[in-house]
Amino acid sequence: MLNCIGVITSGGDSPGMNAAARAVVRTALFEGIEVWGIQNGYRGILDDEMFKMERKDVSDIIQRGGTFLGTARCRRFMTPEGRAEAAAKLKEKGIEGLCVIGGDGSLRGASLLSAEQHIPIVGIPGTIDNDVWGSDYTIGCDTAANTIIDAINKLRDTASAHRRVVVVEVMGRKCGWLALTAGISGGAEYILVPEEEFDLDQISSEISEAYKKGKRYILVVVAEGAGSAVEIGKTIHEKTEIDTRVTVLGHIQRGGTPTIIDRVKASQLGEKAALALISGLTDLVFGFHKGSVVSINLHDAVTNKKILDKELFRLAKVLA
Ligand code: ADP
């Protein structure tokens, strides 16, 4: 049993991180365990930005995007010396284990902290990219997909009015989940992801044919890892001579009030992660598999690459 734990958000922020941190804090307090909030990611450990939390410290945050703890990218933590210093700082405060909410980079750092410094760690995948191995879901992916759909709906209206090709670039780093999910629900004709090869010559000739048959507009969703939407849009325009517009959605996808799905799932993961950590477990990541909360080995989560759902990709092609 641990008597004092810390909660930290690290790396890219995502909507729902607040709900997860709130769940960790309130679960710990419910169990009579001391809990500290660490500000600004791993940098906050090294810079002593750590505060003992009470119930009211996590009031009024479940509905907010971003992270009330702040997040950061910290180079010092990338070195063994930095991680040793971080372990010493945690010990100074009496923090015996950490709940880390973040993406694959943050979880990789957490795994090293555990291996080298024997600090118990439980991870919660927090990233809009939904790219953490072992979990069908990461906190924020639902809100981000909804933000993209909102933009796609608007772009469809104007594309149809002008008979344009619209190319939308979405986030996801090396993972095509956001593009695939938003593309299917937005009715995209083409979804370009890093996991699947595509042929712009063929796509362009298909677009030309479709326009000849009276198609009013074409929607192409591009995952950032599949290439630059600007370049792809330029190529399609050059090959088809059809008016083509490119929209790069950018950081708007990171923000906004979290959806109900992100709030509930983040709360579930926060509770399970806190309970596991308190009870002395370590090196686990809590995620979802087929709708249920599951725990995954932390090392496995950060060393394996998540595979895009081929079945969903096939469906997208059938329905396009
Ligand atoms: P995300 O968690 O969203 O993937 P990053 O990859 O930027 O974001 O990681 C966030 C922070 O986690 C980094 O700034 C660094 O402090 C730590 N980190 C990332 N990768 C590693 C690594 N390989 N070793 C140690 N720490 C890491």
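Start with two residues: Y137 and F288 are both buried, meaning under 20% relative accessible area, with over 50% exposed and partly exposed in between, using a 1.4 Å probe and protein chains only. This is a predicted model, where local features need pLDDT of at least 70, side-chain atom pairs count only at pLDDT 80 or more, and totals for chains, interfaces and linings use all residues. Residues are numbered from 1 along each chain as its sequence is written, and side-chain values use heavy atoms, leaving out hydrogens and water.

Now the rings. Phe, Tyr and Trp rings (for Trp, the six-membered one) pair if their centres lie within 6.5 Å; planes under 30 degrees apart are stacked, over 60 edge-to-face, the rest tilted. The count is two aromatic pairs. Y42 and F77 are stacked, at 3.7 Å centre to centre and 5° between the planes. Y42 is buried at 6% relative accessibility, and F77 is buried at 3%. The rings of Y137 and F288 have centres 5.8 Å apart and planes at 90°, so that pair is edge-to-face.

C141 is buried at 2% relative accessibility. C175 is buried too, with a relative accessible area of 7%.

P80, R83, A84, A87, L90 and K91 in α3 meet G109, L112, L113, E116 and Q117 in α4. Helices here are DSSP runs (H or I, at least four residues), numbered from the N terminus.

Note on methods. Contact = heavy atoms within 4.5 Å. Helix = DSSP H or I, 4+ residues; strand = E, 2+ residues; numbered from the N terminus.
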